Amino acid sequence: MSTSHTVSETVPAAKKVESATVAAAVPAARGGITPRHLVLAAVALLLASWGFLPEFSVTLLNYIGLYALVALGLVMLTGVGGMTSFGQAAFVGLGAYATAWACTSPDAAALFGALPPALLPWAGLALGLVITFAVAWFLGSITLKLSGHYLPLCTIAWGLSLYFLFGNLEFLGGHTGMAGLPPLVVGGVSLASPRVLGLLIWAVVLLALWALHNLLDSREGRAIRSLKGGRVMAESMGVDTGRQRIKLFVLAALLAAVSGWLYAHLQRFVNPTPFNLNIGIEYLFMAVVGGAGHLWGAVLGAALITLLKEQLQDLLPRLLGSSGNFEVVVFGLLMLFVLQRFADGLWPQLAAVARRWLRPTPVKLPAAAPLPQRALPPRSQVVLEAKDVTKRFGGLVANNAVNLRVKAGEILALIGPNGAGKSTFFNMISGVDDPSSGEVRLMGQAMAGKPSRAFAALGLSRSFQHVRLLGQRTVLENVAVGAHLRAQRGWIASMLRLDRAEEAAVLAEARRQIERCGLGAHVDTPAASLALGQQRIVEIARALASQPAVLLLDEPAAGLRHLEKQALAKLLDQLRAEGLGILVVEHDMEFVMNLADRITVLEFGTVIAEGTPAEVQGNQRVLDAYLGGGDDMGVAA
Ligand code: ADP
Ligand code: MG
C-alpha cells in the first residue's frame, strides 16, 4: 500500500489550470483571440510562406517536424504518463528500416512485388506500424511492470539492442545501411522535393497534435493523467492502469515509427546512426525542455534543440578555434540550466504569458443525456462481507480474523484507536491489497485475488484517508474519473471526437455530484488548492460519480468545520435512505454516534465490540481501549 500524497504535486492556488474546462466557467469575452485562432494563424502563415522560404529553412523545419512527432509521443509517455523512455530512437529506426526494406530489398519484392511501385512506401508504412506495434506491445508488457529506475534502464537496454541489431543484420545493409529509397507519391504527385514532403510532415504533426489533444480531453485522457502518481486511485475507480500504460507506450512508439517512415523518404537512404541511444536521449531532452506535460511543448522543444544544435555546431569551432564535439558539452550544460530553472519545461512559461492576452478556446459539448444507472440491491441485503479477514505485515498482524457485514441501506461505522488496522481493512475489502487469509465477498461474489477495479465494477466505491486527487486538475475532472466505468468510449473514439455526447453526460454527472456535496463553487478549481477537508469531500463526490451500491469512506469528516460536518452527515443520511450500504471509518465520535446504525470497534487489528451506538458506548473494553489510545469517547454521551 503506498500512502503517497498525489496532491503533493500541488500548484499554487493562483496558478490557473490550462484545461479547457476553465473556459466553460468564463463567460466568453466576445472578439477575444483564443489559442485556436493563434494556431490557425500560424498554420496559415507557414503555408503562405512555405513556397518562399530558403531551402535551408525548409530543411530545418522538416527536421523539427520529424523530431516533434517523436517528442509528442514522449510528452504523452513521460510528461503525462510518468514513464521515462530513452529508447524512442529505436522505434524511429523500426519505422525507417521497415519502409527501406519494403521498398528496396529483393526479398520484399517477393512479398510486395504485385504492388505498383508508388504503393511500396505505403506498404512500408503499414509494415513499420505492424512491427512497431508488436515490438512495443511485447517490450511494454515485460518492462512496464518494473517500477522506479528499472523502466528507464530497460529502455536504454532495448534502445541499444535494436540499434546494434540494425547495424548487424546483413539484409538491412549492415552499417552501410540501405540506399535508393523511392520518394513518396500521393495521388500521383511525387513528394521527392523536401519542400513538398515538408507539407506532409507538418500535416502529420498537426494531425497528431489534434488527436492527442482530443485524447487528453476525454474519459481516457483522465485515466491517462492518473497514471502518474494516481494509479491506486484510478484502479479503485475502475481504470485498468496496466493496460493504459501499455497503450500509451505503444502510441508513443507508433508516433516514432511514423517519424522514421517520413525520415526515410526524406533522406532516401537509412543507416543505423540516427537511431542510436544518443539520439534517444536527445528526444527525451526535447520533450522535457519543451514542457513534458504539454503537447505543444514537444514542438517547442524540438524547435529549440534543433536550432540550438545548428547554431552551436557553427559557433563553437569558431570561438574555440578547433573542431570537436563541443556542442554536446555546451548543450548538456544549457540543459541543466533550463531544467534547474524551469522544472516543467519552457512551454508553461510561454503559456502563462499568452494567457494574459488570450481567452481560452470555448468548449462546446452537446446536450447531455443521463448516464446509465445501476439497479441498487434491495434494502438490508448483505452487499459486502468480510469473513475472518487477516492481514500480516511481516510479524505485525494488522487485521486479525475480522468479520463484518454491510447491508444495503445502512451506515456501519468502523472505529478504533490510531493504528488499529482500519485503513488496512479498507484496503482488504476494496481490493487495493489482498488479505493474508480470510475471504471478502462483494454482492455475493468471492473476490479473492481480484483487483480493485473488479470491486469498482461490482458497485463498490471508496475515498482514501490520505487524499488521492490529481492536484493540478480541476475538481470537475477529478470527480469525472469516478464515472469512468459508466462510460465506454475508447482511445480512438476520443481522438476522433466521437465521444462528445458521452463526455457531456460524464461531466454533467460529475457536476451534479459536486453540487450535491456542496462544492458547486469550486467545480473549476484545481483540486490541490482546496482546503484538505474540502479535498476529502471531492473524494466523496468522485466516489458518488460511480453511482456505487457500497460506499467506503476513510475518515471523511477529518479537517471539516462544524457546519461542513453537519452537511456531510445529512448527505450520508440521504444516501442511506436511497439504499446505499455505507461503511465509514471516523474518529469524530459525535459524528459517528449520531449517524451510524451499527458500530464495529477494532483494537490492535481485532474486533473488540460491535453493536448499536448505545451498546458500544457502554462497553467497558471499548472505554478502556479509548482511554488507552487517548481518543475521546465521551463526546456524544
Ligand atoms: P488505522 O487506519 O486504524 O489507523 P492502519 O490500518 O493504517 O491503522 O495501520 C494498522 C497497522 O498496520 C499499523 O501498525 C501500521 O503501522 C501497519 N501498517 C499499515 N500498512 C502497512 C504496510 N504497508 N506495511 C507495514 N505495516 C503497515
Ligand atoms: Mg487509517
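This is a predicted model: local features need pLDDT of at least 70, side-chain atom pairs count only at pLDDT 80 or more; totals for chains, interfaces and linings use all residues.
A residue counts as near a ligand if one of its heavy atoms lies within 4 Å of it. The shell around ligand 1 holds 12 residues. Of these, Gly419, Gly421, Lys422, Ser423 and Thr424 come nearest.

Look next at the backbone atoms that face the ligand's oxygens. A backbone N or O atom of Ala420 lies 3.2 Å from an oxygen atom of ligand 1. For a backbone N or O atom of Lys422, the distance to a ligand oxygen is 2.8 Å. Ser423 also takes part: a polar backbone atom of this residue is 2.9 Å from an oxygen atom of ligand 1. How much of the ligand does the protein bury? Taken alone, ligand 1 exposes 560 Å², and the protein buries 67% of that.

Which elements give two or more residues to this shell? They are strand E6 (396-407) and helix H16 (422-429). H16 gives the most, with three residues. By class, the shell has six nonpolar, five polar and one charged residues.

Now move to strand E12, residues 581-585. Is E12 mostly covered or mostly open? It is mostly covered, with five of its five residues buried. Buried here means under 20% relative accessible area. In a regular strand, side chains alternate between the two faces of the sheet. Both faces of E12 are covered. Gly581, Leu583 and Val585 are buried on one side. Ile582 and Val584 are buried on the other.

E12 has strand partners. Strand E7 (residues 411-415) runs parallel to E12, and four bridges join them. Within that pairing, Leu414 has Val585 as its bridge partner in E12. Strand E11 (residues 550-554) also pairs with E12 in the parallel sense, over five bridges. Follow the chain from E11 through helix H22 (residues 562-578) to E12: the three make a right-handed β-α-β unit.

Arg268 has a phi near 65 degrees, a positive value in a residue other than glycine. Arg268 lies in the loop between helix H11 (241-267) and strand E4 (269-270).

Met443 is not a glycine either, yet its phi is positive, at about 50 degrees. Met443 sits in the loop between strand E8 (437-442) and strand E9 (445-446). At 23% relative accessibility, Met443 therefore counts as partly exposed.

Terms used
Residues are numbered from 1 along each chain as its sequence is written. Chains are lettered from A and ligands numbered from 1 in the order in which they are written. Side-chain values use heavy atoms; hydrogens and water are left out. A polar contact is a pair of N or O atoms within 3.5 Å; within protein, one must be able to donate a hydrogen and the other to accept it, and residues adjacent in sequence count only if both atoms are side-chain atoms. Accessible areas come from the Shrake-Rupley method with a 1.4 Å probe; for residues, only the protein chains shown count as cover. Ala, Val, Leu, Ile, Met, Phe, Trp, Tyr, Cys and Pro count as nonpolar, Asp, Glu, Lys and Arg as charged, and the others, Gly among them, as polar. Buried means under 20% relative accessible area, exposed over 50%, partly exposed in between (1.4 Å probe, protein chains only). Two strands pair if DSSP finds at least two bridges between them. A crossover is right-handed if, with the strands pointing away from the viewer, the path from the first strand over the helix to the second runs clockwise.
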